[in-house]
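Here are a few notes to read with the structure open beside you. Take them one at a time and find each residue as you go.

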Amino acid sequence: YFQQVLDIADETEGDFNYKTVYRTHTQMANLYHQQHAYQKAFDMCMAASRIALEAKDSLMALEAKEIAIRPLDLTGRYEDVIALSEECAREWEKQGMTVRAVHTRHMALPAYILCSRYDDAKRVIDEFEAKSGMFDDDGHIEKGWEIFYYKKGLLFAETGMLDRAEQEFRK
């Protein structure tokens, strides 16, 4: 069904309903993701981003690119995950959406650690703690986001700070 919608859209001359084609690509990305076809999910997200850009909808293009980070991560292309998350974060910052930029960089935190980019990982952690809006006045993270402490612990474990890592893992 989805492919038929795209085929019809490809054959249509002139104006087309970009939102329908965009949604079709993002729905296909979701289906591919559920089937563990992560490269195809990534490709559909990037196609949706291109379609949104052609329609001059830069926010939806950016949204689709950001969604593409997850399947890209699952393909094991960690340097590409870092590059795409930084690209998206810079765009969010240009839009004045600093918190969104911080969350986008945070998505790549495990990739920074896996690529041994520890200084960058520490920068992302510090930025997340300072600007994400996820911490209360006592420095405790919002309920449901406790996995952050695990990621922080991984960084400390990888850099040989085992006592500090254990402390984070126990939070």
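1. Let's start with glutamate 127: why does it count as buried? Its relative accessibility is 13%, and buried means under 20% relative accessible area, with exposed over 50% and partly exposed in between (1.4 Å probe, protein chains only). You will find glutamate 127 in helix H9, residues 118-131. Leaving aside neighbours within four places in sequence, glutamate 127 is in contact (heavy atoms within 4.5 Å) with Glu93, Val102, Arg105 and Ser132.

2. A word on the source: this is a predicted model, where local features need pLDDT of at least 70, side-chain atom pairs count only at pLDDT 80 or more, and totals for chains, interfaces and linings use all residues. Residues are numbered from 1 along each chain as its sequence is written, and side-chain values use heavy atoms, leaving out hydrogens and water.

3. Now look at helix H3, residues 38-54. Its buried residues include Tyr38, Phe42, Met46 and Ile51. Among the elements covering the buried residues of H3 are helix H2 (18-34) and helix H6 (78-94). Just after H3, lysine 56 has a positive phi of about 60°.

4. Finally, how do helix H10 (residues 147-158) and helix H11 (residues 162-169) pack? Their angle is about 170° and their axes are 8 Å apart. That makes H10 roughly antiparallel to H11, a label for angles over 145 degrees. The contact includes Tyr149 and Phe156 of H10 and Leu162 and Phe169 of H11.

Terms used: Helix = DSSP H or I, 4+ residues; strand = E, 2+ residues; numbered from the N terminus. Expected span 1.5 Å × (residues − 1). Axes fitted to C-alpha atoms, helices over the stretch in contact; angles between N-to-C directions. Parallel < 35°, antiparallel > 145°, perpendicular 65-115°, else oblique.
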